[in-house]
Each structure stands twice: as structure tokens, then as C-alpha cells.
Amino acid sequence: MKIVIADDHSVVRSGFSMILNFQPDMEVVATAADGVEAYQLTAQHKPDVLLLDLSMPPGESGLIATGKIHDDLPDTKILILTMHDDEEYLFHVLRNGASGYILKNAPDEELLQAVRTVYSGGTYISPKMTNSLVKEFVKHEGQGDKTDPLSILTKRELEILPLAAKGYGNKEIAEKLFVSVKTVEAHKAKIMEKLELKSKPELVEFALKKKLLDF
């Protein structure tokens, strides 16, 4: 199977490449340092599996890249590689098309099992996170269908929200995302409307609660 690794730390990319390339059925065909490069290399090499870190440089985090790659390159299975044993991250990336979620401190054997599982069409969740899945299921069973606020935002709005919360101006956001200033303004207005936020401080508070500023 062909694999692409995306992580902003070169030592991590090298380490995981060595582990995977040692396997007779695996080949790392490219490595990326951020979400933009991950998308480009996935489009170029069309790997079977993409190991994607969540916490890469702001503006194109793994969270954003997951949705884009899943939508545009659905044949590539996405395995999230992260230090965050947090259910907020887990549920969001699964909703955005990831096939697996594994912690960076997992044993080598678990990494290999996760790659093979998602490659074969299955879903792999780190054993440390399975309790979160059960708790979330029970919670939704008891509360009924309550919409996660993040799930009602478009992918473009999910790109703009953390940038706006971090203090980037409309022009800076437009330049980063290659859109017009008017487009940014329109999306920001929709974000505020959908999330029922009234001010910039409320937007920042929301982003902090949802841990969107960690990226």
C-alpha cells in the first residue's frame, strides 16, 4: 500500500517512515509538513492511506485538511495521528471523513494495525479513546439528536473561524485563503448568525471552548 505522512515535525515524519517502510506491504511515497502540502501530495500520489497530524501550522490544520481531502480524494483513507486524546477532536474528524484516530505515543504494533485496518476499509480508534465513543453514544441516546454547533458550519467557515478568533483581519484572511475580502466578510457574518454570537469576544470564547485555537 502507498502511504503519505503529514506532520510538521521532521523527526516524526522520519521515524514513522522508517517503521512503515520496514513492512513488506507498505511504502511511504511522500511526506508533508502542513495541510496544504498534504492535500497537494495526496492529489499527486493518490496514496491508499494518509497519516495526518492535527496540530500543524495555523491556516491549514489537519482538521481543515481532513474534510477537503475526504471530499476531493475519497479513495485515500485518512488516519489521524495526534497527541490529543480528546473526544472533541475525535468526533469532529470522524464526522469530516477520517477513517481512524491514533495517538502518537501508541506502540509501533498499534500503528501498523491501524494503517492496515483503515486500508482494508475498516475504522480504527485508539483503545484509549473507545470509552469516549461509548459515553458520547449514551449521551446522545439520552438527549436526543442535538446538533454540534461546528457541524452546521461549512468547510470554508471552519477555515475562517479560527483565523478570525486569532485576530487576523479580513484582508489577511482573504490572502491566506485566496478569496476576496467581501467573501470573508460574508462568511464571518454567517458564522456569527449560525452560532448566535453577538461580538468578537464571544467568537473568541467559542473558539477557545471548542479548542480551535490549538491548531
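Colleague: What makes strand S1 (residues 2-6) and strand S3 (residues 49-53) a pair?

Modeller: Two strands pair if DSSP finds at least two bridges between them; S1 and S3 are joined over 4 bridges, in the parallel sense, so they meet the definition of a pair. Ala6, for instance, has Leu52 as its bridge partner in S3. The strands themselves are DSSP runs of E with at least two residues, and helices are runs of H or I with at least four, numbered from the N terminus. This is a predicted model, in which local features need pLDDT of at least 70 and side-chain atom pairs count only at pLDDT 80 or more, whereas totals for chains, interfaces and linings use all residues. Residues are numbered from 1 along each chain as its sequence is written, and side-chain values use heavy atoms, with hydrogens and water left out.

Colleague: Why do strand S2 (27-32) and strand S6 (124-125) stand at the edges?

Modeller: The open sheet has 6 strands in the order S2-S1-S3-S4-S5-S6, with parallel pairing. S2 and S6 each have a single partner strand, so one side of each lacks a neighbour in the sheet.

Colleague: Why does Thr82 count as buried?

Modeller: Buried means under 20% relative accessible area, exposed over 50%, and partly exposed in between (1.4 Å probe, protein chains only). Thr82 has 0% relative accessibility and therefore counts as buried. Thr82 lies in strand S4 (residues 77-82). Leaving aside residues up to four places away in sequence, Thr82 touches Asp53, Leu54, Tyr101, Ile102, Leu103 and Lys104, where contact means heavy atoms within 4.5 Å.

Colleague: Which residues of H1 are buried, and what do they pack against?

Modeller: Val12, Arg13, Phe16, Ser17 and Leu20 are buried in H1. They cover an arc of only 125° around the axis, which puts them on the same side of H1; the arc is that of the directions from the helix axis to the C-beta atoms. The buried residues of H1 pack against S1, S2, S3, S4 and helix H5 (108-119). Val11 and Met18, on the other side of H1, are exposed.

Colleague: What makes the buried residues of helix H2 line one face?

Modeller: In H2 (residues 35-45), the buried residues are Gly35, Ala38, Leu41 and Thr42. Seen down the axis, they fall within an arc of 125°, so they line one face of H2. Their cover includes S1, S2, S3 and H3.
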